[in-house]
Amino acid sequence: AVISHLTPPAPGFRDDRETFDGYTAPAFDEFAAAEIAADLTLAELLQPNRCARLVQQHSFDQRFMSLDYLLDRLLDATWRGESGSDSYRDELVRIVQRAVVRHLVALAGNREASPAVKSVVSLRLGQLAEELSGRSIGGPPIAIAHRDAIVREINRFLSREAGPIEETERLPTPPGSPIGN
């Protein structure tokens, strides 16, 4: 496996731009690499403008993918799979699940996201928290702690204990007659 060839740098060699931070320095942190990969993917997938276009295009033509469909597929792929006896794979899944929730919370609280996007994402976050709260408490302690932390994070956001969410900036009126200045 490639991971066996990724050893820590020798003493005296500095980090450069081809290395990245992790939690296990100086050793290569493959979980941090998975977190970064998930963040890069989710940042593109859940761009506020892209999500607003999904809402708009689906409203024009039901054959186009909806934001709700995208969120269903995303949550199915990351939260509704079976966990197994492979603790390494299970930890990778938890890393991706945390990234999904972090990005959904950021999207729902994003000042530049449309009201429709914020509403749909907030609804789905609430449903996910309910779903996770209803799951059996069984499993290894790390899985239980993960579920509990995710539910708390979602509930904190939805109750706005995470801090005030600034009001969405209104779109400016285009200049000129008869609408604007």
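Buried means under 20% relative accessible area, exposed means over 50%, and partly exposed lies in between (1.4 Å probe, protein chains only). By that rule Arg80 is partly exposed, at 33%. This is a predicted model, where local features need pLDDT of at least 70, side-chain atom pairs count only at pLDDT 80 or more, and totals for chains, interfaces and linings use all residues. Residues are numbered from 1 along each chain as its sequence is written, and side-chain values use heavy atoms, leaving out hydrogens and water.

**Salt bridges**

- A salt bridge puts a side-chain nitrogen of Lys or Arg within 4 Å of a carboxyl oxygen of Asp or Glu.
- The whole structure has 10 salt bridges.
- Arg73, Asp76, Arg80 and Glu131 form a network of them.
- Arg80 pairs with Asp76 at 2.8 Å, N to O.
- Arg80 also pairs with Glu131, with the closest N and O atoms 3.0 Å apart.
- Helices here are DSSP runs (H or I, at least four residues), as are strands (E, at least two), numbered from the N terminus.
- Asp76 and Arg73 meet at 2.9 Å, N to O.

**Nonpolar core**

- A nonpolar core joins buried Ala, Val, Leu, Ile, Met, Phe, Trp, Tyr and Cys residues through side-chain atoms within 4.5 Å.
- The largest has 29 residues, and Leu46, Trp79 and Leu125 are among those with the most contacts inside it.
- Helix α4 gives the most, 7 residues.
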